[in-house]
Amino acid sequence: MTTAIYWFRNDLRLEDNPSFLQACKSADHLLPVYIHQTNLEQDTAWGFPRMGEHRRVFLDQTLQELRGQLRELGSDLYEVTGDVLHVFEKLKSQIQADLIYCEQIQAPEELEQVALLSAAGFKIHSRWQSSMLDAHSLPFALEEMPDIFTQFRQQVEKRGLRFSVPVDSPKSIPSLPAIEIPSIKAFNSNISSSIGNFFGGEQSAHMHIRQYFERGLPDTYKQTRNELIGMDYSSKFSPWLAQGCCSAGCIAKQLADYEFCYGANDGTYWLWFELLWRDYFRFLHFKYGKRLYNSKGLSRVSSNQFDGENFYQWSSGATGESLIDAGMRELKKTGYLSNRMRQIVASYWIYDMKGDWQAGSAWFEYQLIDYDVYSNQGNWLYIAGKGTDPRGGRPFNVAKQTQDYDRDGIYRQMWLT
Ligand SMILES: Cc1cc2nc3c(=O)[nH]c(=O)nc-3n(C[C@H](O)[C@H](O)[C@H](O)COP(=O)(O)OP(=O)(O)OC[C@H]3O[C@@H](n4cnc5c(N)ncnc54)[C@H](O)[C@@H]3O)c2cc1C
């Protein structure tokens, strides 16, 4: 009889979760586990923790829904707070399980966790599954992928790749091993869960995606994606994608079905194109690994010096530059910011305030409801000119951006008054 653990990481769903499906097919007893990692709650060197309330609330909603789905199939979710190795060591002694299935996360800290578990004698079956494309179908070895996004995209398109076909949810889940499932301590938050209409969980993800397609919003995506106000100018798939409430493959499949029914257009193509950026930043991690996490990134130049006073002004939305302050206040209030505003505030921090890009990136990690290690790191490196972009940095002119995107001042008025 095989007793195994399924370690849910950023794949909090049952549908299109090949790793979970494999665990269900292979084990006789299976314990689904989620670990709230204590290190994410402690202050970093910058003086704030890694996960803020918006993401935490969304995560709790997601876990609650996942637990319900698991219970419907006769299983449950073992949800604990602690250090990963310590939690699994304890479980090993309780249920005699040293076999762990999980999704593969190709970022340094997450790889280190798996390495530590392996060194401690655990057998880990980790599976890459968070990209839209199947990594094995790419026309190049990941270590040799093109550095430049356009070349990457052209090779993908030439091969005719669109998405990897989603797999079904498991029909049944192996029974739980004999262990008491801890009761859940509710996370106390004053934040309204309705901010931004983001509610965590797999079903909520599917509801959101369905209404996005039913309302024909992909058709106008290319024209509206740089706007700043509302739920509809961009897809808002990101919070659910980041926690893995739905897979990128599932979304891309629905996009392909939509194109089949209603025709492809600039908008539908551009939505896929942006999802491809998400893959690109993921795959770069296979090529460059830890180098993406140095202050120099892939460049020869270190970050700017950190200045606490400047950082306080930027992060609290008190720079005196109205567009920046509006953006930083929106981020703090809602945990979300449009892609355009993310670019503008990041550029302002790096180029106008001469700030340390790593502090900016850490602030986003803390604040964002849709924090995704690959996309956050990749975009910050890109703007700072420390990634693979041959243009070497993307400074934005705030006056021009204000004219182009908030000429009438409505966005600033929303967040500054
Ligand atoms: C400095 C900076 C930090 C960022 N940090 C994150 C992050 O932590 N998590 C995150 O998901 N995105 C991040 N992004 C990318 C992008 O801003 C968000 O994915 C997007 O704004 C989410 O809103 P949406 O789902 O409506 O996007 P849409 O415009 O509707 O795009 C659809 C999907 O494509 C993907 N996507 C779109 N743009 C990008 C991009 N530039 N890079 C990677 N994927 C993209 C996302 O998965 C998104 O959900 C960051 C961008 C910048 C400039």
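Helices, counted here as DSSP runs of H or I with at least four residues, are numbered from the N terminus, and in that numbering E180 has its place in the loop between α5 (149–158) and α6 (202–214). The model described here is predicted.

**Ligand surroundings**

- The ligand is surrounded by 26 residues, and the closest of these are Y221, S234, S235, K236 and N339.
- S234, listed among the closest residues, places a polar side-chain atom 2.6 Å from an oxygen atom of the ligand.
- Y336 likewise has a polar side-chain atom facing an oxygen atom of the ligand, here at a separation of 2.8 Å, while E274 has an N or O atom in its side chain that lies 3.2 Å from a nitrogen atom of the ligand.
- Of the 810 Å² that the ligand exposes when it is taken alone, the protein buries 97%.

**Packing of α12 and α14**

- Helix α12, which spans residues 322–334, packs with helix α14, which spans residues 357–367, at an angle of about 40°, and the two axes are 9 Å apart.
- On the α12 side the contact is made by M328, L331 and K332, and on the α14 side by W363, F364 and Q367.
- Sorted by class, the residues in this contact of α12 with α14 comprise four nonpolar, one polar and one charged.

**Residues with positive phi**

- Most residues other than glycine have a negative phi.
- D16, a residue other than glycine, has a positive phi near 45°, and its place is in the loop between β1 (3–8) and α1 (18–26).
- D16 counts as buried because its relative accessibility is 8%, which falls under the 20% limit used for that class.
- K354 is not a glycine either, yet its phi is positive at about 55°; this residue lies in the loop between α13 (339–352) and α14.
- With a relative accessible area of 54%, K354 is exposed.

**The β1–α1 loop at N17**

- N17 lies in the loop between β1 and α1, and with a relative accessible area of 0% it is buried.
- Beyond its neighbours within four places in sequence, N17 is in contact with Y6, F8, D11, Q129 and V167, and with Q129 in particular it makes a side-chain to side-chain polar contact of 2.9 Å.
- N17 and F88 are separated by 71 residues in sequence, and their C-alpha atoms are 22 Å apart in space.

- E79 has its place in strand β3 and is buried, its relative accessible area being 10%.
- The side chain of E79 is joined to that of H36 by a polar contact of 2.7 Å.
- When residues up to four places away in sequence are not counted, E79 touches Y34, H36, L63, R67, P182 and I184.
- L73 is found in the loop between α2 (53–72) and β3 (78–82), where it is partly exposed because its relative accessible area of 31% lies between the limits of 20% for buried and 50% for exposed.
- Apart from neighbours within four places in sequence, L73 is in contact with L14, P170, K171 and I173.
- The C-alpha atom of L73 is separated by 44 Å from that of S315, a residue 242 positions away along the chain.

**Two further loop residues**

- N226 lies in the loop between α7 (221–224) and α8 (238–243), and it counts as buried because its relative accessibility of 19% is under 20%.
- Once the neighbours within four places in sequence are left aside, N226 is in contact with R340 and Y405; the side chains of N226 and R340 are also joined by a polar contact of 3.3 Å.
- E180, in the loop between α5 and α6, counts as exposed because its relative accessibility of 70% is over the 50% limit.
- The C-alpha atoms of E180 and Q94 are separated by 9.9 Å, although the two residues are 86 residues apart along the chain.

Notes
Residues are numbered from 1 along each chain as its sequence is written. This is a predicted model: local features need pLDDT of at least 70, side-chain atom pairs count only at pLDDT 80 or more; totals for chains, interfaces and linings use all residues. Side-chain values use heavy atoms; hydrogens and water are left out. Helices (H or I, at least four residues) and strands (E, at least two) are DSSP runs, numbered from the N terminus. Buried means under 20% relative accessible area, exposed over 50%, partly exposed in between (1.4 Å probe, protein chains only). Contact means heavy atoms within 4.5 Å. Axes are lines fitted to C-alpha atoms, for helices over the stretch in contact, and angles run from 0 to 180 degrees between N-to-C directions. Ala, Val, Leu, Ile, Met, Phe, Trp, Tyr, Cys and Pro count as nonpolar, Asp, Glu, Lys and Arg as charged, and the others, Gly among them, as polar. A residue is near a molecule or strand if one of its heavy atoms lies within 4 Å of it. A polar contact is a pair of N or O atoms within 3.5 Å; within protein, one must be able to donate a hydrogen and the other to accept it, and residues adjacent in sequence count only if both atoms are side-chain atoms. Accessible areas come from the Shrake-Rupley method with a 1.4 Å probe; for residues, only the protein chains shown count as cover.
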